[in-house]
Protein chains: 2
Amino acid sequence: QNVILINPFEVPKGQETETIVYWEAARDFLMEQPGYVSTELHQSIQPDAKFHLINIAEWESIETFKAATSKMRKELKQKPIEGMKFYPALYDVIRK
Amino acid sequence: QNVILINPFEVPKGQETETIVYWEAARDFLMEQPGYVSTELHQSIQPDAKFHLINIAEWESIETFKAATSKMRKELKQKPIEGMKFYPALYDVIRK
């Protein structure tokens with residue numbers, strides 16, 4: 001049963017573009033991994049939102065997601081962005 | 001052009017059920033308002049996630065969303081849940 005990754009990003013002022021470039025490199029790596037289904041990066045309309053960017057992705061299983069992200073941490077060496085914080089977690093839909 | 005509301009909730013330990021009941025009352029009110037399209041409440045699979053619940057809803061416009069939520073604040077008197085924090089903001093999809 002597919003799982004949903006929701007990852008809110010706190011983006012330091014002036015680092016919006018760098019953060020999107022950072023995200024695109026991760027997406028390009030992850031979309032090649034088994035179990036990847038889709039992803040949508042959301043940008044806040046109001047500039048003062050706590051989470052300027054939120055990624056919402058779908059994966060075929062918890063296991064394929066964990067395997068892909070641990071492979072990415074080993075193989076995709078990205079310079080972290082000073083002050084950027086993010087809170088990835090997996091979710092199920094419980095109410096509509 | 002539709003907008004997406006993403007609302008991460010920090011849920012105090014032991015208050016998960018009360019928070020879902022609180023959310024359901026708000027959903028029942030908002031779904032009757034003009035501009036409402038859909039909503040999905042997400043619950044984290046891991047219990048220790050920072051945001052135990054995240055609501056993702058779609059609205060026809062920023063204006064209809066703002067009108068509906070300000071009407072809700074006036075008409076729907078709900079006892080706030082001690083320690084619950086939430087960070088609603090409107091988003092557009094910028095990358096897939």
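Predicted model: local features only at pLDDT ≥ 70, side-chain atom pairs only at ≥ 80, totals over all residues.
Trainee: How many residues of chain A are in contact with chain B?

Mentor: Both copies use the same surface, as 100% of chain A's contact residues recur in chain B. Chain B puts in 33 residues. On the chain A side, the count is 33.

Trainee: And which residues of chain A lose the most area to chain B?

Mentor: Start with the whole interface: about 3000 Å² is buried between the two chains, and carbon and sulfur atoms give 67% of that. On the chain A side, three residues together make up 21% of what gets buried. Those three are A:Ile45, A:Tyr91 and A:Arg95.

Trainee: How many salt bridges does the rule find across the interface?

Mentor: Over all chains, the structure holds eight salt bridges. One that crosses between the chains pairs the side chains of A:Glu24 and B:Arg95, at 2.6 Å from N to O. Across the interface of chain A and chain B, the total is four.

Trainee: Why does the A:Glu40 and B:Lys96 pair join two chains?

Mentor: The side chains of A:Glu40 and B:Lys96 meet in a salt bridge, 3.2 Å from N to O. A:Glu40 is in strand S2 of chain A, while B:Lys96 is in the segment after strand S5 (89–95) of chain B, so the partners belong to two chains.

Trainee: Which element gives the largest share of the side of chain A that touches chain B?

Mentor: That interface also has 18 residue pairs in polar contact. Several elements of chain A give two or more residues to it, including helix H1 (16–30) and strand S1 (3–10). That side of chain A divides into 20 nonpolar, six polar and seven charged residues. The largest share, seven residues, comes from S5(A).

Trainee: Which strand of chain B do four bridges join to S5(A)?

Mentor: The two strands run antiparallel. Within that pairing, A:Val93 stands opposite B:His42. The chain B partner is strand S2, residues 36–44.

Trainee: Then what stands opposite B:His42 in S3(B)?

Mentor: S2(B) is also joined to strand S3 (residues 53–59) of chain B, by seven bridges, and these strands run antiparallel. In S3(B), the residue opposite B:His42 is B:Ile54.

Conventions
Residues numbered from 1 in each chain as written. Chains lettered and ligands numbered in written order. Heavy atoms only, no water. Contact = heavy atoms within 4.5 Å. Buried area = accessible area lost by both parts, 1.4 Å probe. Polar contact = N/O pair within 3.5 Å; in protein donor to acceptor, adjacent residues only side chain to side chain. Nonpolar A, V, L, I, M, F, W, Y, C, P; charged D, E, K, R; others polar. Pairing = 2+ DSSP bridges.
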